[in-house]
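Me: I have a structure open and would like to go through it with you piece by piece. Could you keep to what can be read from the model?

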Amino acid sequence: MSNLDTHPAEERVCGGEVDPADTAASGDTELLEPREVPLGGPRAMLVRRALPGKNRRMVGAWCFADVYGPTGVADGPGMQVPPHPHIGLQTVSWLVRGSVHHMDGLGSDQLVRPGQLNLMTAGHGIAHSERSPADAPPLLHGAQLWIALPEDDREGPARFEHHADLPAFDLPGTDAPGARVTVIAGEVDGRRSPARVHTPLMGAEVVLEPGARVRLPLDASFEHGVLPLDSPVRVLGHTVEAGALLYAGEGRTEVELRAEETAHVLVIGGEPFTEDLVMWWNFVGRDHDEIVRARRAWEDDREDADDAGGRRFAAVATDDGAPLPAPELPNARLRARPRHRGA
């Protein structure tokens, strides 16, 4: 998914209210409230973006989180994101409802459905598009996240993976209702996803039954984030609404999740990412000049109808839409920033 902001900038993070009666609340949590961002065009679909934020920009190597829907697509365009570029990251597409058609410059042409993972590794550069197909189910609801690539891997070749069969297990509830856990990336409770990642991290969907109260095992060396996709979830003393993200620091071996209604929740985590990043538009780099070079290459490639060798961003041949122009760079030089303010 593209960041379609015409003036890309860091997002704000707002502190959430903690219930003083809840002894699970602690000082190393932070509630990141999302802001609504239109995803392209006059009939844009709105997404709720919790990462990056002004104060906290990452959870492990996870550096971007959008939640969208549920939104009707029967009488509207749904998701229509034309060809656009990425560098230095992986995109993770995850659906609760509906379907999305992914096409990219490698020739990948893949429909993703609920419970399946589309993972695209940009490396040195890739272009892709994401669109609601003509025969899509009437509702679209899901999330897209980005994972920053570390220095040793960020200039590598582009790659696309689709995983329709991911490890899953049942998590018993404290009282009666429980949850179903699907391991999207990394390892959870001894179950490992086949998705290829480049830093120690994890990602899982937890589907809580109504009234569920469950404890999800965690890696104590990781920091974590809890991102509800539909219903509010009670975790670590916070009520976290859909689209918001609760950050929790290192040192936990488990986290308790509670929901009054059926709730789809993404839990992400990883070892703290120690490399400072420049994140601008759809690019994750290390300095201003690198972003300038990537933008120039994209503008040259998208305006060149000849898809011969020498291009950084191969054309998305199966998408007949016009590639997305890059926004203008800001007047000031972009600065590399750490994972959170004060780091």
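Me: Where is the place of His-86?

Reply: The place of His-86 is in strand β5, and since this is a predicted model, everything I tell you is computed from predicted coordinates.

Me: Is His-86 buried or exposed?

Reply: His-86 is buried, because its relative accessible area is 0% and the cut-off for buried is under 20%.

Me: Which side chain does the side chain of His-86 join in a polar contact?

Reply: That of His-84, with a polar contact of 3.3 Å between the two side chains. His-84 also lies in strand β5, which runs over residues 80-86, and it too is buried, with a relative accessible area of 0%. The side chain of His-84 additionally reaches a backbone atom, namely the oxygen of Pro-82, at 2.8 Å.

Me: What does the UniProt "binding site" annotation cover?

Reply: The UniProt entry, which is unreviewed, places its "binding site" annotation on His-84, His-86, His-128 and Glu-130. These residues span 47 residues in sequence, yet no two of their C-alpha atoms are more than 13.2 Å apart, so they gather at one spot. I would treat the label itself with some care, as such annotations may be inferred rather than shown by experiment.

Me: Another histidine, then. Which strand is His-141 found in?

Reply: His-141 is found in strand β11, covering residues 139-148, and it is buried, with a relative accessible area of 2%.

Me: And what does His-141 touch, not counting residues up to four places away in sequence?

Reply: His-141 touches Tyr-68, Gly-69, Pro-70, Leu-95, Val-96, Arg-97, Leu-229 and Asp-230 once those sequence neighbours are set aside. With Leu-229 there is a close approach of polar atoms, in that a polar atom of the His-141 side chain lies 2.7 Å from the backbone oxygen of Leu-229. As for Tyr-68, it is 73 residues from His-141 in sequence, while their C-alpha atoms are 5.6 Å apart in space.

Me: Pro-70 came up there. What is the peptide bond from Gly-69 to Pro-70 like, cis or trans?

Reply: The bond from Gly-69 to Pro-70 is cis, with omega near 5 degrees, and Pro-70 has its place in strand β4. The peptide bond from Leu-51 to Pro-52 is cis as well, with omega near -5 degrees, but Pro-52 belongs to the loop between β3 (45-51) and β4 (62-72). Both are worth a look in the viewer, because most residues other than glycine have a negative phi, and most peptide bonds are trans.

Me: What about phi, then: is it positive or negative at Asp-189?

Reply: Asp-189 has a positive phi of about 50 degrees, although it is not a glycine, and its place is in the loop between β15 and β16. Asp-189 is partly exposed, with a relative accessible area of 42%. Trp-281 likewise has a positive phi of about 50 degrees without being a glycine, and it lies in the loop between β25 (278-280) and β26 (283-285). In contrast to Asp-189, which is partly exposed, Trp-281 is buried, with a relative accessible area of 3%.

Me: Changing topic: what volume does the second largest pocket have?

Reply: The second largest pocket has a volume of about 220 Å³. It is lined by 16 residues, of which Glu-187, Val-188, Met-202, Asp-219 and Phe-222 are the closest to its centre. Strands β15 (187-188) and β17 (201-208) each supply at least two residues of that lining.

Me: Where does Thr-199 lie, and what does it contact beyond its neighbours within four places in sequence?

Reply: Thr-199 lies in the loop between β16 (191-192) and β17, and, leaving those neighbours aside, it is in contact with Ala-61, Pro-150 and Phe-273. Thr-199 counts as buried, because its relative accessible area is 17%, against a limit of under 20%.

Me: Let's step back to the whole protein. How many helices and strands are there?

Reply: The secondary structure comes to one helix and 26 strands. Of the 343 residues, 57% count as buried, and the accessible surface comes to about 14,100 Å², with 47% of it belonging to carbon and sulfur atoms. Among contacts between residues at least 6 apart in sequence, 74% join residues at least 24 apart.

How values were computed
Residues are numbered from 1 along each chain as its sequence is written. This is a predicted model: local features need pLDDT of at least 70, side-chain atom pairs count only at pLDDT 80 or more; totals for chains, interfaces and linings use all residues. Side-chain values use heavy atoms; hydrogens and water are left out. Buried means under 20% relative accessible area, exposed over 50%, partly exposed in between (1.4 Å probe, protein chains only). A polar contact is a pair of N or O atoms within 3.5 Å; within protein, one must be able to donate a hydrogen and the other to accept it, and residues adjacent in sequence count only if both atoms are side-chain atoms. Contact means heavy atoms within 4.5 Å. Accessible areas come from the Shrake-Rupley method with a 1.4 Å probe; for residues, only the protein chains shown count as cover. On a 1 Å grid over the protein atoms alone, a cavity is a set of points where a 1.4 Å probe fits but cannot get out, and a pocket is an open set with protein on both sides within 12 Å along at least five of seven lines; lining residues have an atom within 4 Å of a point. Grid points are joined across faces, edges and corners, and a volume is the space filled by probe spheres set on the points.
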